[in-house]
Amino acid sequence: MTQPTPPPKRTAKEKIGTPRPPMREQPPLERARNFLEVPFGYGPEQAMVEAERCLACGKPHCMEGCPVGNDIPTFLRQIAEGNFAGAARTMKETNLLPAICGRVCPQETQCEALCVIGKRGEPIAIGRLERFIGDWERESGAVEVPECAAPTGRKVAIIGSGPAGLTCAADVARAGHRVVVYEALQKPGGVLRYGIPEFRLPKAIIDAELTLLERMGVEIRCNEVIGMTDTIDELLVEEGYDAVFVATGAGLPWFLGIPGENALGVYSANEFLTRTNLMGAWRFPEYDTPVQRLNVVATIGGGNVAMDAARTALRLGAERSLIVYRRGLDELPARAEEVHHAQEEGVEFHLLTNPVEILSDARTGWVQALRCQRMELGEPDASGRRRPSPVPDSEFDLALGTVIIAIGNAPNPLIPRTTPDLDVSRKGQIVVDQESMKSSKRGVFAGGDIVRGAATVILAMGDGRRAAASINEYLESGKW
Amino acid sequence: MPRILRTELLAPRIRRYVVAAPKIARKRRAGQFVLVSPHPHGERIPLTISDADPDEGSITLIVQEAGKTTAEMALLEAGDELTDVVGPLGQPTHIVRLGHVVGVAGGIGIAPLYPILEAMQQAGNKVSVILGARSVEYLILEKEVRALGVDLTLCTDDGSRGRKGFVTEALGEMMASGQAIHQVVAIGPAIMMKFVCEVTRPQAIPTIVSLNPIMVDGTGMCGGCRVQVGNEAKFACVDGPEFDGHLVDFDLLMRRQAMYREQERQAMERFAAKDHTCQLEGV
Ligand SMILES: Cc1cc2nc3c(=O)[nH]c(=O)nc-3n(C[C@H](O)[C@H](O)[C@H](O)COP(=O)(O)OP(=O)(O)OC[C@H]3O[C@@H](n4cnc5c(N)ncnc54)[C@H](O)[C@@H]3O)c2cc1C
Ligand SMILES: Cc1cc2nc3c(=O)[nH]c(=O)nc-3n(C[C@H](O)[C@H](O)[C@H](O)COP(=O)(O)OP(=O)(O)OC[C@H]3O[C@@H](n4cnc5c(N)ncnc54)[C@H](O)[C@@H]3O)c2cc1C
Ligand code: SF4
Ligand code: SF4
Ligand code: FES
């Protein structure tokens, strides 16, 4: 592969004054009807020019914003020099899955938010460059299979194949331990597979990561629900595992608790997205699992999950796709890029709008309308967010045929329920020591959304990393 | 992938499958089910574990052809593999010694009811069974139920075997006869379970029903299987599938079961129009 020549050096002033190169994207109205990825990513020249803009700060603030402490300045220097393999190696010291984080991290509130250039110009496009490196490595076939230490004879079970489980699996396998990952669904990847849609995270990327894990000797057993097929105690006692890492995520959907929620055509975002992404309903009838296709779809909620559902509805053929959210635009918790993309694609935002009842056809039971009330923002509450309160006598109905509820997820209770000596918080999260990820039960570690509640991919990966280090240490020393 | 060891046609469009699943065979308890998909593009459908042989490492499923997935399964033979078999899922039946337990099954419902009857009997209960079907040819597992040595009443809609009429009538008479009944377990089509509950409600006889809403993941992740029980929405795959029948909103259940009727019809038509063998090989 021919290396492009590094871009000319610029002064600090020039760097700050230059905006980041735009990323080419599929045109909004075209992409709103297909499942192909939206942004195309940087090419090598663009990446080098953008990376060269970094000021190589002596005290890089960007790193403080990254939950896993990626060595961002070194990584950017290597890209600017055209040393992509080196950049990939740097990134992977702290972040195993750059192609994924580059796409889904909320960069604008993390690393990029603290980049000094951002004070006067556009911050370095760290996420896009991370994505570039991950893609470059995969597409150029340069992925190096990490070396694994000689087999130790120890066995570790990992429950759940989301980002926390997969990251942990890699690091434990590297230490020479045998790793088996158990997954309840038919395909591994967790939310990366069943939740985040193809147009935002192509599944081929997850497949490539899984192939790598398999080449490292990690075994993935799908269709095994721990707590039912085997309990944690059975894994430790009967199956002879030396340690268990619980990374089962936050897969229990919340409903609103408003009247009419069981009507036909009301989905949790989990169901809607799982049917579409994992079960292949977007290719029905080629795949057997159906999903309802209706003219007007309202998604309730304002996070990434809501954006994914609303944009998926468009791609399934909805005439109109609405976001119904009780706070304002500035309070939307979704990544800025997703909100922007959703708006471009024609998703309608009904903000300061609170659903109070779902109305359905008395004869058929199908959803007909969403009764809402208008909200206004009051004074900031303890969390600093302005608290919404209803405007009196402001009820109105939105006519529609499908409602998707995307107001959040709680931890799945299956494991806690079947593991009596595991400490769990009032909210159902497994209680761990924040450093070692050790739970209250000897030999059992936990991380990701099952300990944090619904959080982010990078935090789950960070937990997987820390748990792996702690598991390796425990297997070495035998000390709990 | 789990292999089918044996299949057998029990009645028109009703088949028994014995499937190799050693772990599930050891773990399963009465009342639990598995999710099954016959091929990689398939739908995962819930099927009750009707029996298990831990020594052979096999579970028994009894399946009635209802649409595309079950029709596809009907083409499978011993030696073929299923893509997914996941379980055991759901809460096991609460088995305790109550006294007199009456099992009421409609049609294929005897398949899920059978392991419960067996467990109830082993727990020391006197067990009576009322088994109903459209006509004699659809009456399945009669021999197996008789072998349990329980008190058995057969009903067919057309009177071709046993008494003519519905299971609810037989149950009503049993209640009227003055025998003490401590619990009724009813499994069958939603409409039949609904009417059984109406029969037992006036005397407040505890009535357990096994609900069969449409399921996706079977682990509590999607909420698609939610059913209304009293004031609460419950997820049938993890909170059930068995519930207090007197609290269940059966009309809602029936509506939700029919939610995809149009797509189901489309899938079936497309399936029927194709040469099945080549379609199965093509996936
Ligand atoms: C639609 C959607 C969009 C999102 N978008 C973003 C985004 O843009 N950026 C971002 O940073 N975060 C995003 N998130 C959040 C992020 O995906 C999660 O925080 C992250 O995936 C958590 O990782 P995890 O490994 O803890 O669990 P998960 O990814 O949830 O994986 C858990 C896995 O464990 C399996 N499992 C559960 N119970 C059992 C059991 N008993 N036995 C065996 N297996 C079991 C599950 O099937 C699942 O595969 C999004 C979430 C959703 C739902
Ligand atoms: C806990 C439970 C245990 C069951 N046990 C048995 C059993 O032992 N034997 C048996 O023959 N049947 C059983 N069923 C019913 C069986 O799952 C359905 O008949 C089957 O899914 C039909 O699929 P299909 O593609 O052949 O038909 P379709 O044409 O797709 O559907 C026909 C009808 O089956 C129901 N159905 C469709 N898809 C699903 C799904 N994913 N989950 C649940 N129901 C669905 C719907 O009400 C639908 O109207 C059980 C259902 C549940 C929930
Ligand atoms: S992992 Fe996320 S926060 Fe860290 S540098 Fe990459 S994009 Fe930024
Ligand atoms: S803060 Fe910005 S300019 Fe400074 S090292 Fe980090 S990315 Fe480069
Ligand atoms: S089938 Fe998804 S929650 Fe029950």
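Q: What separates the centres of domain 1 and domain 2 of chain B?
A: In this predicted model, the centres of domain 1 of chain B and domain 2 of chain B, taken over C-alpha atoms, are 24 Å apart. The domain bounds come from an automatic or database domain assignment, with domain 1 at 4-89 and domain 2 at 100-210.

Q: Before we continue, what conventions apply to the numbering and to the model?
A: Residues are numbered from 1 along each chain as its sequence is written, while chains are lettered from A and ligands numbered from 1 in the order in which they are written. The model is predicted, local features need pLDDT of at least 70, side-chain atom pairs count only at pLDDT 80 or more, totals for chains, interfaces and linings use all residues, and side-chain values use heavy atoms, with hydrogens and water left out.

Q: How much area do the two domains of chain B bury between them?
A: Domain 1 of chain B and domain 2 of chain B bury about 1100 Å², with 67% of it on carbon and sulfur atoms. Buried area here is the accessible area (1.4 Å probe) that two parts lose on being put together, summed over both.

Q: Which residues of domain 1 lose the most area there?
A: They are Pro12(B), Ser50(B) and Ile62(B), which together make up 33% of what the domain 1 side buries against domain 2 of chain B.

Q: How many salt bridges are there between these domains?
A: The count is 1 salt bridge, a salt bridge being a side-chain nitrogen of Lys or Arg within 4 Å of a carboxyl oxygen of Asp or Glu. Glu144(B) and Arg16(B) have side chains that meet in a salt bridge, at 3.2 Å from N to O.

Q: Which element gives the largest share of the domain 1 side?
A: The largest share of the side that touches domain 2 of chain B comes from β6(B), with 3 residues. Strands (E, at least two residues) and helices (H or I, at least four) are DSSP runs, numbered from the N terminus.

Q: Turning to the two chains, how many residues are in contact?
A: Contact, meaning heavy atoms within 4.5 Å, involves 46 residues of chain A and 44 residues of chain B. Chain A and chain B bury about 3700 Å² between them, 52% of it on carbon and sulfur atoms. Of the area that chain A buries against chain B, Met228(A), Asn262(A) and Asp288(A) supply 19%, more than any other three residues.

Q: And how many salt bridges cross that interface?
A: The rule finds 6 salt bridges between chain A and chain B. Asp230(A) forms a salt bridge with Lys27(B), and the closest N and O atoms are 3.0 Å apart.

Q: A change of topic: which peptide bonds in chain B are cis?
A: Among them is the bond from Gly87(B) to Pro88(B), with omega near 0°, and Pro88(B) lies in strand β7 (residues 84-89) of chain B. The bond from Gly240(B) to Pro241(B) is also cis, with omega near 10°. Pro241(B) sits in the loop between α7 (236-239) and β16 (242-244) of chain B.

Q: What is the phi of Ala56(A), and is the residue buried or exposed?
A: Ala56(A) has a positive phi of about 50° although it is not a glycine. Most residues other than glycine have a negative phi. Ala56(A) is in the loop between α3 (44-52) and α4 (61-65) of chain A. Its relative accessibility is 54%, so Ala56(A) counts as exposed (buried is under 20% relative accessible area, exposed over 50%, partly exposed in between, with a 1.4 Å probe and protein chains only).
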